[in-house]
Amino acid sequence: MKTLPLILCCILINSLLPTQSTVQNHRNPPPPTSSIIFTTLGRSSYAFDLFTLPTRRRTPPSPSSELRLTDGASVNFNGHFASPSPALLSLSPQPSPIQRPFTTPAAAEAAELHHVYVSERNGSCNIYYDAIAFDSHPPESSSRSRSAMEIAPRVQLPLIHGHDGLSLKDRPTVVGDKLVYVSTHEKSAKPRTSWAAVYSTDLKTGSTRRLTPIGIADFSPAVSPSGFLTAVASYGENGWNGEVEELSTDIYVFLTKDGSERVKIVEHGGWPSWVDDSTLFFHRKSEEDGWISVYKAILPNSGPVSTDSVTVTRITPPGIHAFTPATSPGNTDFIAVATRRPTSTYRHIELFDLVNNEFTELTRFVSPQTHHLNPFLSPDSGRVGYHRCRGQSNSGDPHLLLESLHSPRPDVSLFRIDGSYPVFSPAGDRIAYVEMPGVYVVNRDGSNRRRVYPGMAFTTEWDPVRPGIVYTAAGPTFAPVSSEVDIISINVDHADVDNNVKKLTTNGINNAFPSLSPDGKWIVFRSGLSGQKNLYIMDAEKGEAGDGGLRKLTEGQWTDTMCKWSPDGEWIAFSSDRHDPGSGSFAIYLIHPNGTGLRKLIQSGAGGRCNHPYFSPDSKSIVFTTDYAGISAEPISNPHHYQPYGDIFTIKLDGSELTRWTQNSYEDGTPAWGQMYMEPSDVKWPNYGPGCSFEDCYFLDEIPTSGGRDRNLKPSGRPRC
């Protein structure tokens with residue numbers, strides 16, 4: 001990669017710049033104090049890169065036809081082919097962005113591909129511009145391997161800087177001198193409202209304009225071929241209502257230059273893509289037959305534009321899920337779509353012939369058992385891009401135990417861990433976590449990973465005074481109140497792993513989320529013993545059979561769960577739906593261990609969720625996961641996440657200083673706050689291969705039937721959490 005030009009130092013989004021007080025804080029940061037770890041469902045195994053295939057081949061594509069566009073570093077996704085505009089070329093340190101190295105006659109004819117995309121390298125989500133050279137006319141009988149084709153000269157430039165890299169940036173498009181994209185750097189005025197908005201940044205000056213009205217969230221922007229109009233998927237003033245599958249957003253159109261003349265043109269639609277300035281494609285779930293399909297909207301040539309004047313036509317037929325359409329300027333021949341066929345459990349990229357109304361499969365011939373996401377077409381329609389797992393094409397890609405992310409506080413480091421329900425040991429040298437099934441312990445540097453309990457379990461808790469003792473809930477997750485789940489302790493240092501477990505509850509009525517008092521004498525946990533999930537306290541060593549048995553801490557016809565004892569012993573934090581029992585809405589409450597002082601700490605609006613509280617080492621703050629910042633992207637554009645709205649937040653016990661720590665479109669959860677500061681650098685698994693696997697969106701497994709009910713491709717189905 002070439003040295004970045006000086007001009008890039010000036011490409012700062014004005015509205016993302018830190019305030020003077022923030023700058024001063026970073027010049028004189030507080031001393032390091034602690035670390036937060038959390039998990040993201042499946043994220044550690046994504047290893048996405050952008051790839052491309054030609055669209056105008058007479059024969060089906062083969063692995064040798066596929067070209068990798070990105071460099072195999074971190075996670076790269078949501079690409080867009082860009083014309084080599086003067087603004088982009090001006091960012092390069094030399095007039096010609098690529099020095100072509102081809103020296104043989106067979107490689108004399110070389111082409112360049114320019115594209116912008118999202119990358120999560122360096123611990124944040126940013127937009128990059130790449131230009132690569134490749135042999136545009138390899139012989140049909142070429143014996144060159146795919147990996148050889150991927151070795152190409154490259155210019156790689158980050159296009160966005162600012163605000164410590166804390167915000168999500170997504171769905172980039174370059175139009176002339178402007179970069180149009182989604183960012184979440186501006187807070188929403190209301191809880192449970194998305195921060196996602198569309199911005200335009202001048203690549204030469206760095207000046208930035210918000211195109212989305214204040215108080216509105218926009219997703220999936222698409223700029224028309226002329227650059228005059230931008231279309232988005234949006235809930236408008238109504239806001240997100242908690243959906244986690246295919247969204248019921250509408251399509252809005254506005255002027256790209258300033259966001260003005262905004263108008264709704266389609267009821268219910270997502271992922272717009274323009275073919276010309278009056279025609280765009282989008283996807284939505286058909287109300288008639290339940291298939292997710294691609295539709296076309298044609299704007300009138302004259303007169304007012306509204307949902308009444310726009311003509312909408314279904315393009316792809318029922319019988320196949322087709323979504324995230326892509327087109328190119330003036331292309332009336334075909335569109336590219338991602339599909340889920342009833343005969344496949346994998347998502348693939350296909351072309352749909354707009355004249356003959358038929359599909360042409362592409363990626364199934366190249367990587368039949370790999371998911372391919374979010375296609376994009378080159379301006380001349382000759383290539384289709386997409387992202388997928390890079391697999392063996394990057395066998396040296398490290399698999400991370402801990403991924404260091406940008407932290408909003410210089411004194412607290414932030415890590416994503418490859419495991420669920422993680423927690424630091426009291427000394428900070430080990431981490432316990434679960435894999436469902438199995439409880440594991442690993443050294444902080446990734447060494448000495450051991451399974452200490454083989455069964456299904458969830459949550460982990462280290463004993464604060466007895467070394468090597470870990471507590472967990474043994475039994476099924478998300479189970480009915482009467483399910484058999486018990487609190488157990490595990491001696492992780494016991495030589496006999498078959499006799500290292502002690503059962504502490506005897507009733508087996510959904511006992512879970514154990515947390516110990518700081519002196520190690522008591523455990524608070526949730527139990528369904530009364531027929532409702534409430535909180536109880538018992539002896540930490542003798543368990544339910546100890547003196548005093550169980551002491552009920554809370555009681556009521558609601559669910560109290562996910563409890564955590566503060567390090568100073570003063571408070572127990574927990575999640576509860578007591579404000580609206582049975583609604584699925586959870587807020588965080590505080591109560592003294594003697595049952596007094598009950599109060600609500602934070603609620604994420606009506607119907608929102610705040611879960612998994614965990615105290616800071618000084619007992620003055622809580623870290624938790626929540627939908628307070630709404631949803632940041634269309635879930636169908638990502639792998640499977642049960643709750644694609646979860647972000648990590650912290651708040652002080654007096655309700656002040658609510659701070660967002662993660663900003664992405666994934667499900668972040670089960671955070672823990674350790675008392676030892678870890679240097680912000682990645683920790684690799686020492687013996688893991690590249691690893692790249694994930695589940696597709698569970699709702700794409702459903703096959704609509706004529707009777708109006710869906711059947712599932714996977715008979716066992718999936719839990720709806």
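View A. E120 counts as buried at 7% relative accessibility, where buried means under 20% relative accessible area, exposed over 50% and partly exposed in between (1.4 Å probe, protein chains only). Strands here are DSSP runs (E, at least two residues), numbered from the N terminus. The structure holds 32 salt bridges. This is a predicted model, so to speak of local features a pLDDT of at least 70 is needed, side-chain atom pairs count only at pLDDT 80 or more, and totals for chains, interfaces and linings use all residues. Residues are numbered from 1 along each chain as its sequence is written, and side-chain values use heavy atoms, leaving out hydrogens and water.

**View B. R390 and D49, a salt bridge across the sequence.** The closest N and O atoms of R390 and D49 are 3.4 Å apart. R390 sits in the loop between β25 (383-389) and β26 (400-405) while D49 belongs to strand β2, so the pair ties together parts 341 residues apart in sequence. With a relative accessible area of 3%, R390 is buried, and so is D49, at 0%.

**View C. V232 and its sheet.** V232 lies in strand β13 (residues 229-234) and is buried, with a relative accessible area of 0%. Among the residues it touches, not counting those up to four places away in sequence, are F219, D250, Y252 and P272; contact here is heavy atoms within 4.5 Å. F219 is 13 residues from V232 in sequence, yet 5.8 Å from it in space, C-alpha to C-alpha. The open sheet has 4 strands in the order β12-β13-β14-β15, paired antiparallel (two strands pair if DSSP finds at least two bridges between them). β12 (218-223) and β15 (263-266) stand at the edges with a single partner strand each, so one side of each has no neighbour in the sheet. β13 and β14 (residues 250-255) pair over 6 bridges, and the bridge partner of S234 in β14 is D250.

**View D. K264 and D250, a salt bridge between strands.** K264 and D250 have their closest N and O atoms 3.5 Å apart. K264 is in strand β15 and D250 in strand β14, 14 residues apart. K264 counts as partly exposed at 24%, whereas D250 is buried at 9%.

**View E. Two aromatic pairs.** Rings of Phe, Tyr and Trp (its six-membered ring) pair if their centres lie within 6.5 Å; planes under 30 degrees apart are stacked, over 60 edge-to-face, the rest tilted. A search of the whole structure turns up 20 such pairs. F282 and Y295 are stacked, because their ring centres are 5.7 Å apart and their planes at 15°. F282 is in strand β17 (residues 279-285) and Y295 in strand β18 (residues 292-298), and both are buried. W661 and W673 go edge-to-face instead, at 6.5 Å centre to centre and 65° between the planes.

Technical notes. Salt bridge = Lys/Arg side-chain N within 4 Å of Asp/Glu carboxyl O.
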